[in-house]
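Try each task before you read its solution.

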Amino acid sequence: MTTTKEIRTDNAMTRLSRLHEWLPSGRETVLGPHMLALTNWVDSKVVEFALKAGASEVPVPRLIKHSVLERAGYFESFPSSIVEESGGGCMPPATCYHCYAKLTATSLREPGVWTCIARCQRDEGGEESGRLQTFTMREIVFIGSAAWVRKQRQEWTDRILAFAQSLHLVVLLDAATDSFFAGEQARGRKLLQQIKGLKFELRAQMDAKGTSLAISSFNLHETFFSRRFDFQLADGMEAHSGCVAFGLERWALALALTLGPDQAFSLVEQEQR
Amino acid sequence: MSDARTKLLNYINGELLTDPTRRAAPDTPLFEDGWIDSLKILKLIAYIELMIGRNIPDEEIVMKNFRTVTVIIEHFKSK
């Protein structure tokens with residue numbers, strides 16, 4: 001655990017509730033204006049990093065087609081996951097699926113970086129603070145050769161770890177597997193992810209007891225999505241992909257609990273001066 | 001070559017790698033290019049568990065212990 005300061009969260013969650021800034025309401029959590037502004041501030045910082053890294057912003061629709069999730073293998077990988085359909089589409093369980101769908105049957109002239117943001121929905125169970133069913137996810141997607149994609153992930157890992165530490169978050173970079181894999185081969189999938197180092201999570205300490213929550217993940221997909229969506233590199237080589245995901249409300253909550261609401265909200269105010 | 005290494009190589013080449021153009025050598029990286037998928041890794045672990053006579057906890061299943069047949073044998077021979 002990379003400890004940058006003694007965490008002081010004893011009353012922070014209570015204060016957030018009293019300030020009407022973090023209010024669980026049924027399956028949703030309602031954010032007050034300061035928490036919303038903090039969420040947007042975190043996003044603006046990530047976008048700055050993305051643009052400096054040469055990313056193109058990809059606008060995405062609110063809903064994603066069921067057929068896109070099928071093609072992405074979502075229901076095979078996570079058969080117990082519930083995806084609600086309404087109005088001709090589903091709430092996406094992750095933002096990056098939109099990116100792969102947009103690249104369907106294309107040939108990439110050179111390696112590329114993209115970024116997009118979407119409201120996502122997942123029913124993963126668990127009652128811990130910050131695990132929302134509906135949340136905002138910013139993602140950075142990079143596609144290129146295997147070596148280039150692996151290098152991108154390392155650079156993004158270093159960049160975001162340094163960013164979190166500069167904000168005095170108490171963070172740990174941890175090897176991870178998708179805990180919601182289900183089905184007969186679930187253990188095999190998890191072990192493959194583990195052995196190949198395909199997924200790392202940046203976990204932030206959320207309370208004085210040491211409870212942590214993943215605020216970002218750094219992922220390699222090998223050729224899984226390029227085969228599913230039929231995109232490749234111009235030289236005929238198979239395209240590899242990777243992504244970095246940011247749970248923006250989780251970042252804002254980690255900041256509010258670690259720094260205290262007042263100091264966390266002042267990050268936004270300092271920016272506006 | 002040790003008996004254990006030969007035995008494990010024979011199992012991988014005979015039972016796991018169904019593509020006849022793919023044959024693992026003692027130092028072939030097993031987890032590149034999709035040689036081992038999510039079903040085959042379970043079979044591989046079950047076979048090694050039989051060989052060594054104990055269960056392998058998940059936290060021991062990492063690349064530094066499983067990169068090649070040679071690495072697997074070296075890691076588990078002293079445990």
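**Exercise 1.** Of the contacts in chain A with a separation of 6 or more, what percentage is accounted for by residues 24 or more positions apart?

*Solution.* Note first that this is a predicted model. Take the contacts in chain A with a separation of 6 or more. Residues 24 or more positions apart account for 71% of them.

**Exercise 2.** Describe the overall build of chain A. Does its radius of gyration agree or disagree with that of a compact globule?

*Solution.* Step one: list the elements. Chain A has 10 helices and 13 strands. Step two: box the chain. Along the principal axes, its C-alpha atoms fill roughly 55 × 35 × 35 Å. Step three: compare. A compact globule of 273 residues would have a radius of gyration near 19 Å. Chain A has 19 Å, so the two agree. Step four: check burial. Of the 273 residues in chain A, 40% are buried.

**Exercise 3.** Find the largest nonpolar core. Which residues touch the most other members?

*Solution.* This core holds 67 residues. Those touching the most other members are A:Leu38, A:Ala252, A:Ala254, A:Leu255 and A:Ala256. Next, ask where the members come from. Helix 9 of chain A (residues 248-259) gives the largest share, 9 residues. Now zoom in on A:Leu255. Leaving out residues up to four places away in sequence, A:Leu255 touches A:Leu38, A:Leu167, A:Leu169 and A:Ala264. Another core lies apart from the largest one and has 14 residues. Among them are A:Ile195, B:Leu30, B:Phe66 and B:Val69.

**Exercise 4.** How do helix 1 and helix 2 of chain B pack?

*Solution.* Two packed helices are described by the angle between their axes and the distance between the axes. Here the angle is about 150°, and the axes of helix 1 and helix 2 (residues 38-52) of chain B are 11 Å apart. Angles over 145 degrees count as roughly antiparallel, so helix 1 of chain B is roughly antiparallel to helix 2 of chain B. Their crossing is right-handed. Finally, find the contact. Helix 1 of chain B contributes residues including B:Leu8 and B:Tyr11, and helix 2 of chain B contributes residues including B:Leu44 and B:Tyr47.

Conventions. Residues numbered from 1 in each chain as written. Chains lettered and ligands numbered in written order. Predicted model: local features only at pLDDT ≥ 70, side-chain atom pairs only at ≥ 80, totals over all residues. Core = buried A, V, L, I, M, F, W, Y, C linked by C-beta atoms within 7 Å. Buried ≥ 20, exposed ≤ 12 C-beta atoms within 10 Å, placed from the backbone. Helix = DSSP H or I, 4+ residues; strand = E, 2+ residues; numbered from the N terminus. Contact = placed C-beta atoms within 7 Å. Rg over C-alpha atoms; globule rule 2.2 N^0.38 Å. Axes fitted to C-alpha atoms, helices over the stretch in contact; angles between N-to-C directions. Parallel < 35°, antiparallel > 145°, perpendicular 65-115°, else oblique. Left-handed = near helix turned anticlockwise from the far one by under 90°.
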